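The sequence and the structure come before the discussion.

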Amino acid sequence: MNMKKNVLCGALLAAFCATGAVFAAPANTLASFTQEAEELARLPGGGWLTLDKHGLRLFNASGQEQDRIAVRAKQLDTRSDGGKVLAVFLEADTQRPLPVSVDVQAGKLNRLAPFPIPTFSVEASCLYRDAQQLDHLFLIGKDGQAEQWVMQGEQRSLVRKLALPPHAKHCRADDGAQRLLVSEANMGVWSYEADSEGMGKREVVALRKPYGQLDGGAGALAVLPGGVAVLDGKAEKLHLYSHQGSKWTAQPAQAVALNVRKGDSQLALDGNSLMLRGKNGWQARPLKWTGQAETSPAVAIIAPQAQTEPMARQGDAADDPAIWLSSNPADARILGTNKKQGLLVYDLQGKQTQLLEVGRLNNVDVRQNISLGGGKVDLAVATQRDDNSMMLFTINADGVVAEAGRFPTGLKSIYGMCLYQPASGGVEAFINDKDGTFQQYKVEMSGMSGNKFSATLLRSFKVATQPEGCVADDANARLFLGEETRGVWTTSADAAKPDALAMVLPVGAQLTADVEGMAIYRKPGGKADSGYLIVSSQGDNSYVVLDAKAPYKVRGRFKVGFNLPAGIDGTSETDGLDVTSANLGCAYAQGMLVIQDGYKRLPDGPQNFKYVAWGDVAKALKLE
């Protein structure tokens, strides 16, 4: 699914959000029926949605009441999509969030399935529509407890728990910038990443005196294109802040003197005017604003098909997957490293079938049908960070993994690795160190019984800064390696024919540091130049697909989003990934991509791996 531009600023019309024009219209005269409203939102077509002591009320552009829901409520927020509007408010007595579909054309309010009653006292709530066009609800408690929920149809799912400022009475989300703005009553306004994937960042927007300009802290706020409008805690001044790059810039404050109790002020938007609620009801003020709406770059969003059971260790544990193929496609196995425990094995449904507690493994790779010692063997190799060794594992016909050897490398901080299967036979391993050193080993076997493996160093070379991910293109005898802060390089995988490193894709507009996991998708029955290189762009939680042959044309980028019916979240801060073009059946008829997920959501939990159908990637990026 491609991301659609959708910046909705409270009740602000989408057209207003997109223009960034200068507005200086005369003050609007608000209709009398809005004056008793405690909260309100302008609707497409000129109507109004109001929240007052009588409940939620729908008015048309002529001021005629068309429908109402009798309820004591607070915290109204809306999102528009053509003639349909989603409204969510809190039932005052239970604090249960109640979503309502507003049919503007028919003049009807239709109740939707409610959210569960919160487990904490809610002070602020607001909507957020993500790049996947899913609607989220933020709930913030007086003590800083907070939750992010997502809704689709009748489904209401907890995405994650957050720690937000205490005494927050107002919040709003800027959908295009994927930004959550929170007003902390006694301090100021903070900006957070609204997207649930990743650790998130926080920025200061405005602070109370003497640290900033706000008198008495922060009150109500409203999102503007490329900025935010904020009332100070005393509701005496209106402050406008624009956002450019990573900087918030204040414009001159305007006196408003609303004369309300602290925390009781409200802001809303009506086309080219700001609406402010004070002691004498609502007043409209002309808005002069030159900010431009912020949007994230368009990128395809693909839903995962399955996920593995979570790690048995919290924190940064899962790292790198590798795929082993069985003679029966349904019996394929996914090997995954746990940096705090060892090697795990999963089936295609994500169920753990094995755990080998062999220490802090980082990267792992698999090669099959290797000619060694006069026979054939399937091997996995992993880097072991406890003793800086290279570990070997055999995989039998049933997909059972067993430790088969451990070889010292002499490296000080062993890190990433990948395997290479030369056309001449055998198997070789590329191992790297955090200092940039690469070692290439030839793995040999003197017999088919026992652990009689050996490893011989063939060559060493070095890159300037820290590497990790790498993948060997067996068909073309090329090695691709990632220098985390610089980009993707290639060199000969043949130790007897070394060549200079050549840049494939630098860090920049299409690839965001850190450069992490990578894998090669080889089209079934395709020629040696028919592959794609997939690279984890960890810094923006995306994946770049490019030709695995010069001139390395970039075919597109994608992210992994929610699969709500299956209860699976997206992926973020990916370390390792692997791919196969083998037909594994059902959704994976064109192959499977396995991706490490740095932050497990829906709900929060230990890290795991996500399974993505390659057919979905190919369709989204229009690959051959």
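A disulfide is taken here as a pair of cysteine sulfur atoms within 2.5 Å, and by this rule the count comes to 2 disulfides. The model is predicted, and the values discussed below should be read as properties of that predicted model. In general terms, a disulfide is a covalent bond between the sulfur atoms of two cysteines. When the bonded cysteines of the chain are numbered in sequence order, the pairing reads 1-2, 3-4.

| Disulfide | S to S distance | Torsion about the S-S bond |
|---|---|---|
| C126 and C171 | 2.2 Å | about -120° |
| C418 and C470 | 2.3 Å | -115° |

The disulfide of C126 and C171 is left-handed, because the torsion about its S-S bond is about -120°. C126 belongs to strand β9 (residues 122-129) and C171 to strand β13 (residues 168-174), so this pair ties together parts that are 45 residues apart in sequence. Both C126 and C171 are buried.

The link of C418 and C470 is likewise described as left-handed, with -115° about the S-S bond. Here C418 sits in strand β35 and C470 in strand β39 (residues 467-473), so the pair ties together parts that are 52 residues apart in sequence. Burial is assigned to residues under 20% relative accessible area; C418 therefore counts as buried at 1% relative accessibility, and C470 counts as buried at 6%. The opposite label, exposed, is given over 50%, and C586 counts as exposed because its relative accessibility is 80%.

Strand β35, which holds C418, is also part of an open sheet of 4 strands, in which the order is β35-β36-β37-β38 and the pairing is antiparallel. At the edges of this sheet are β35 (414-420) and β38 (453-462), each of which pairs on one side only. Averaged over the sheet and with direction ignored, neighbouring strands are turned by 25° against each other. Strands of a sheet pair through backbone hydrogen bonds, either parallel or antiparallel. Between strand β37 (residues 437-445) and β38, which run antiparallel, there are 9 bridges, and the bridge partner of V443 in β38 is A455.

Q95, although it is not a glycine, has a positive phi of about 65°; it is found in the loop between β6 (84-91) and β7 (97-103), and at 13% relative accessibility Q95 counts as buried. L602, also a residue other than glycine, has a positive phi near 65°, and L602 lies in the loop between β48 and β49, where it is buried with a relative accessible area of 9%.

The peptide bond that joins L602 and P603 is cis, with omega at about -5°, and P603 lies in the loop between β48 (592-597) and β49 (608-613). Another cis peptide bond joins A513 and D514, with omega at about 5°, and D514 has its place in the loop between β42 (502-506) and β43 (515-522).

Methods
Residues are numbered from 1 along each chain as its sequence is written. This is a predicted model: local features need pLDDT of at least 70, side-chain atom pairs count only at pLDDT 80 or more; totals for chains, interfaces and linings use all residues. Side-chain values use heavy atoms; hydrogens and water are left out. Two strands pair if DSSP finds at least two bridges between them. Helices (H or I, at least four residues) and strands (E, at least two) are DSSP runs, numbered from the N terminus. Axes are lines fitted to C-alpha atoms, for helices over the stretch in contact, and angles run from 0 to 180 degrees between N-to-C directions. Buried means under 20% relative accessible area, exposed over 50%, partly exposed in between (1.4 Å probe, protein chains only).
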